[in-house]
Amino acid sequence: MITTSPYALVAQVRRRELPTRLALAAFIGLFAWVAAPSHWPLIWFVLVLASQGLDWLVFRPVRLAPETEVGPGRRILCCASSTLNVLIYSSIAAYLWFSGGEAGRVFAMIQVAGGLLHVSLHMQHSRALLLSTAIPHGLYFLGLPIVSAAISGTAVQLLIAVGGLLYLAHLVAAVRQSSRTTRALREAGDLAETERRKAEVASAAKSDFLAVISHEIRTPMNAVISAANLLRRTRLDRDQREHVDMLMDAGDVLLGLLNDVLDFSKIEAGRMQLEEADLDLRDKLSAMVRLWDGRAAANGVRMTLDLPDDLPERVRTDPLRFQQILFNLLSNAVKFTSEGTISITAAWRAPGRLEVAVADTGCGIPADRLARVFDGFEQVDAGTTRRFGGTGLGLTISRRLAELMGGDLYAESAPGRGSTFTLGLPMRVVAAAAAPVQAQPGLDDQGLVGRSILAADDHEVNRRILNLLLAPHGCRLTLVENGAEAVEAAAAERFDAILMDMQMPVMDGLEATRRIRAGVNGDVPVIALTANAMDVHRAAWDEAGVYAFLTKPIDPPLLAQTLAMACAEPARATRATAVA
């Protein structure tokens, strides 16, 4: 941390206050000329201008290099210049004392007293500079009454000097207190800066830790969930299928918990990035209801969707975060509703605000705990986690996301009567897009037949999983263990698409992708398939120029669909972003 020298602090203050000092000098000179007309006030003002110019030159090197240690010679020059300035500036007090009559003497004492106060407050950063300026002021302040008493032979004017001593005593006490306060503030500021740096280091360490933990958890989860997916494809009896379903459900819960913790950490660190894209509101809301309708029906709960006629067809927002908030709200509604209905109602409020209310007939929330449901790691009671699971982060993340998007999320509830969560988000209406080109029938099933796919992954289980997942689609899969082998394979033959892991020995996936871009398969879509799911990893892959970004655990339908779309890309030029 760069430390500014005391002389530099004084130099900066003197530079800022130079116009004020000159304006005051002009006013004092005018008053002196009115009180005692002569050529001396003009001569004094010219001398003030000259001494201020000299002072500006002497302090200039210190001001321009505030972090540089000031040498002995420069310190002496600064002190001498400050003393000369005070001697000249306050010399007008002597003129007014002896030539300005009663009003002149009063003005002289006020002027010198103000100068003493000024230098005491602004020169306290350096004891040498403080003494260099305070002593000349003090000589005028105490000397004028003493000299006047000696000349006139009357001791009554010595009382003015006594009053001056009392003023100086109070001033010294005030300066000491100000100095202690300034020192305490400086120490507090230094401590705060130290703590801020420690917090930044801790935050960086936490982010690194989360990135590592995310990768290390996703890798075995990929094996577990993918193995369960593969097992589900085989011939199973009823009990075996139930066991596989339990395994899949547990995997989904684990993945949800991991994503919640990562999202919460990104929001806390201020690293959550929002994106904007066009969104079909009706399709998205209907899709979310279809996603949860089956689970609600299994609980004996009916789910309804009410969309008004004036709802815009397409809007511009962050589709992923909008979906994430709705997912959390519907998940909670299904989780805590055992009978009755769950209703989703949308309304368009002018100008440009969407409101979506998710109302259920579930257990409800007591009034004294309603506000706490949006707190991190907070649930209605300790038994909630044991009965329903979860981290208690879903609503916290949802509200934070809503606020980041410029909206809000609030709740209304009563025990035994259910809850209503209302999401309000600003959105911009966009023109209806042309009807999208329909994908070829059977793209997921037939789009990979005969295609040549290169896959790089250093984990043997992951390679086996890829082989088992993709082999039924009729594609030819070439498996390699690291980025260097991927570059070598890509230089030897043409591929229709390439799957690339990120962290691999010998050469990582990013470097391998960049090298492949310069070779035979430079126009072939590269799909990132990695357990590194942080935003910084996504950004790194975007910079490397990948066609899509998929995270582990692998979503088999999404993997097949993304590969089919990549292989069907005619010009190899359009890049998409797939979100797992």
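This is a predicted model: local features need pLDDT of at least 70, side-chain atom pairs count only at pLDDT 80 or more; totals for chains, interfaces and linings use all residues.
A cavity here is a set of points on a 1 Å grid over the protein atoms alone where a 1.4 Å probe fits but cannot get out; the volume is the space filled by probe spheres set on the points, which are joined across faces, edges and corners.

Now select A11, R14, R15, L18, R21, Q52, D55, W56, F59 and R63, which line the largest cavity (lining residues have an atom within 4 Å of a point). Its volume is about 50 Å³. The elements giving two or more residues to this lining are α1 (6-35) and α2 (40-64); helices are DSSP runs of H or I with at least four residues, numbered from the N terminus. Colour the lining by class and you will find 4 nonpolar, 1 polar and 5 charged residues, where Ala, Val, Leu, Ile, Met, Phe, Trp, Tyr, Cys and Pro count as nonpolar, Asp, Glu, Lys and Arg as charged, and the others, Gly among them, as polar.

Next stop: α3 (residues 72-89) and α6 (residues 127-152), whose axes lie 9 Å apart at an angle of about 20 degrees. Axes are lines fitted to C-alpha atoms over the stretch in contact, and angles run from 0 to 180 degrees between N-to-C directions. That makes α3 roughly parallel to α6 (angles under 35 degrees).

Zoom in on C78, C79, S82, T83, V86 and L87 of α3, which meet A128, L129, S132, T133, P136, H137 and Y140 of α6 (heavy atoms within 4.5 Å). This contact has 8 nonpolar, 5 polar and no charged residues.

Residues are numbered from 1 along each chain as its sequence is written. Local features need pLDDT of at least 70, side-chain atom pairs count only at pLDDT 80 or more, totals for chains, interfaces and linings use all residues, and side-chain values use heavy atoms, leaving out hydrogens and water.

Conventions:
On a 1 Å grid over the protein atoms alone, a cavity is a set of points where a 1.4 Å probe fits but cannot get out, and a pocket is an open set with protein on both sides within 12 Å along at least five of seven lines; lining residues have an atom within 4 Å of a point. Angles under 35 degrees count as roughly parallel, over 145 as roughly antiparallel, 65 to 115 as roughly perpendicular and the rest as oblique.
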